[in-house]
Every structure is written in C-alpha cells, then in structure tokens.
Amino acid sequence: VQLQASGGGLVQAGGSLRLSCTIPTGVYIIDSMGWYRQAPGRQRELVADVSSGGSINYGTSVKGRFTISRDNAKNTVYLQMNSLKPEDTAVYYCRVDLNYGVGYEENYWGQGTLVTVSS
C-alpha cells in the first residue's frame with residue numbers, strides 16, 4: 001500500500017502549511033491515521049493521530065497550533081500546521097493502520113515530506 005503524502009515546503013516562522021496523505025482504496029478498513037516527524041539527529045515522534053472513531057491525540061509541542069482531520073470519503077488525512085516554529089523543521093511522515101479483517105491489521109508509512117521553517 002503506497003501512501004501519497006504532499007504539502008511540505010519552506011515557510012517562515014509564524015506561517016502555515018497543510019499536509020495531506022491519501023490512502024488508495026483497497027480491501028481493508030482504515031483505522032488510525034496519523035502524522036509523525038523526524039528531525040535530524042532525533043527520534044521519530046508523534047505529531048498527531050486520529051482514530052476511525054474520531055479520537056485525536058496530539059504531541060505536546062504542537063497542541064494548539066496543529067490540527068489533524070480526516071476525510072473518510074477521500075481516504076485522506078490532513079495536518080493543518082499554524083504558527084510554525086523553526087523547531088517544527090523535520091521530515092513529516094503519515095502513517096495508517098489498516099484492518100484486513102479476521103484480526104489482521106498492518107501499519108504503513110508514507111515516503112515523508114520535508115517541512116522547513118526559517119527564523
């Protein structure tokens with residue numbers, strides 16, 4: 001399953017970007033959808049995720065600035081990033097958990113999209 005992530009780029013501090021990630025239609029149910037990021041020299045960390053039931057988790061550093069949403073009709077998850085800071089600079093990865101039924105679930109990662117915030 002190939003995830004199509006887009007929306008990264010270069011933005012000045014205080015600016016905004018919107019990331020999107022689309023999951024191809026298949027014989028599965030999309031459970032959790034989310035975004036992670038990895039800055040140089042750091043571990044990959046959760047930015048935000050949203051369950052199929054709509055429950056949302058945010059990483060501490062992005063609460064109040066980022067908003068995750070999903071459009072189930074389009075199999076797409078979005079990340080609206082406002083009030084960006086230089087420390088938000090990272091490669092952002094989308095991740096999805098797909099349920100194939102009969103107790104089988106697997107997660108997939110997108111290819112990553114670079115977000116660079118200049119000071």
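**Exercise 1.** Determine the handedness of the link between Cys21 and Cys94, and locate its two ends.

*Solution.* Step 1. The link of Cys21 and Cys94 is right-handed, with 45° about the S-S bond. The model is a predicted one, in which local features need pLDDT of at least 70, side-chain atom pairs count only at pLDDT 80 or more, and totals for chains, interfaces and linings use all residues. Residues are numbered from 1 along each chain as its sequence is written, and side-chain values use heavy atoms, with hydrogens and water left out.

Step 1. The sulfur atoms of Cys21 and Cys94 are 2.0 Å apart and form a disulfide (a pair of cysteine sulfur atoms within 2.5 Å). By this rule the count is 1 disulfide.

Step 2. Cys21 belongs to strand 3 (residues 17–22) and Cys94 to strand 9 (residues 90–101), so the pair ties together parts 73 residues apart in sequence. Strands are DSSP runs of E with at least two residues, numbered from the N terminus.

Step 3. Cys21 has 0% relative accessibility and counts as buried (under 20% relative accessible area, 1.4 Å probe, protein chains only). Cys94, at 0% relative accessibility, also counts as buried.

Notes: Helices (H or I, at least four residues) and strands (E, at least two) are DSSP runs, numbered from the N terminus. Buried means under 20% relative accessible area, exposed over 50%, partly exposed in between (1.4 Å probe, protein chains only).
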